[in-house]
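Student: Please take me through one part of this model in close detail. I would like a single helix, its faces and its surroundings.

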Amino acid sequence: MYPSKDTLTTSFKGPGVANGKGFVAHSPIEINSSQVNRSLYTGIFNGWSTIGKASGLKGLYTGGIPALIGYSMQGAAKYGFYDYFKYKYTQIAGEEFATKYKTLLYLSASASAEFIADVALCPMEALKVKMQTSVEPFAPGFLAGVSKIAKAEGLNGFYKGLVPLWLRQIPYTMVKFATFENTVSLLYKHVMTRPKDTYSKVEQLGVTFSAGYIAGVFCAIVSHPADVLVSKLNNIEKAPGQSTGALAGKIMKDLGFSGIWTGLGPRILMVGTLTALQWFIYDTYKVQVGLPASGSSEPAKKVQ
């Protein structure tokens, strides 16, 4: 349950690939999640049809490059620092305390990791959101989009959504890791009732995927209002002298309760599948380099 110091370097490598590729693959669903509203699309399939007719397959993968870069960096930082903080906090609190209050450990480690990971993600998230939610094409390509934001808003243009991003991602990640870890434990306790090391790697990875999907559903619900807010903030210019907090308040007031939940269905589909794939790819990577799958009690092999 608690990583050794020797395995921490490994924890930073695989998640970047899992996170980045996962978000690119889910771009068509995310575009619907961020753009679905009563004036544009009637639902997810109508959204795909409309975008496909207007822009072709390329339109469904708008924002794919910043998603790949941003979420690869975020994934490496999030999963890597999560294992790091689990290790450090266990050292500080002691093994007995960490075992007794393991959910508190999961929540603390994941919140600390996501705080750092979002600093790496924020610039690419700003560009991705602008590319995916602009009615007119925001920029002809990745570099053109970076240049456009830099010229118009400077550094603030890349980081004005950082606080809302923290508000979205930190609760999301806390729910993601704590739900996943506890679901894995429950599955091994009540469903896969034999000793964990008697199950094949494929069976253990099946547990990983199932727990990841369950965690993703909870994540989507918890973080959706902040996700809607981040999308709006990155596409609305502040009035002279207006603070980001004041603009956020105005957006939330204009959206109303029903507005902040627009697109939740597509987002549950996206985040549930994405979270399951991320954990599956991450655990597959761990198994390949000689580490145990999540929840496994077998000792880790030495990584060369």
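Tutor: The model is predicted. The protein chain has 13 helices and zero strands. Of its 304 residues, 49% are buried.

Now the helix. Helix α8 covers residues 142-153, which makes 12 residues. At 1.5 Å a residue, α8 should span 16 Å. Its end C-alpha atoms lie 17 Å apart, which agrees.

Next, its inward side. Gly145, Ile149 and Glu153 are the buried residues of α8. Seen down the axis of α8, the buried residues fall within an arc of 30 degrees, so they line one face of the helix. The general rule is that an α-helix has 3.6 residues a turn, so residues three or four places apart point the same way.

What does the buried side pack against? The buried residues of α8 pack against α7 (102-133) and α9 (155-159). The face turned away from that side carries Leu143 and Lys151, both exposed. Just after α8 comes Gly154, with a positive phi of about 70 degrees.

Back to the chain as a whole. Take contacts between residues at least 6 apart in sequence: 77% of them join residues at least 24 apart. The accessible surface comes to about 14,200 Å². Carbon and sulfur atoms account for 66% of that surface.

One surface feature lies in another helix. Leu68 sits in α5 (residues 64-93). Leu68 is partly exposed, at 40% relative accessible area. With Ile65, Ile69 and Met73, Leu68 makes a nonpolar surface patch of about 330 Å².

Conventions:
Residues numbered from 1 in each chain as written. Predicted model: local features only at pLDDT ≥ 70, side-chain atom pairs only at ≥ 80, totals over all residues. Heavy atoms only, no water. Helix = DSSP H or I, 4+ residues; strand = E, 2+ residues; numbered from the N terminus. Expected span 1.5 Å × (residues − 1). Buried < 20%, exposed > 50% of the residue type's maximum accessible area, 1.4 Å probe, protein only. Arc of directions from axis to C-beta. Contact = heavy atoms within 4.5 Å. Patch = residues over 30% accessible without salt bridge, like charges linked within 9 Å, V, L, I, M, F, W, Y side chains within 5 Å. Areas by Shrake-Rupley, 256 points an atom, 1.4 Å probe, with all protein chains shown as cover. Salt bridge = Lys/Arg side-chain N within 4 Å of Asp/Glu carboxyl O.
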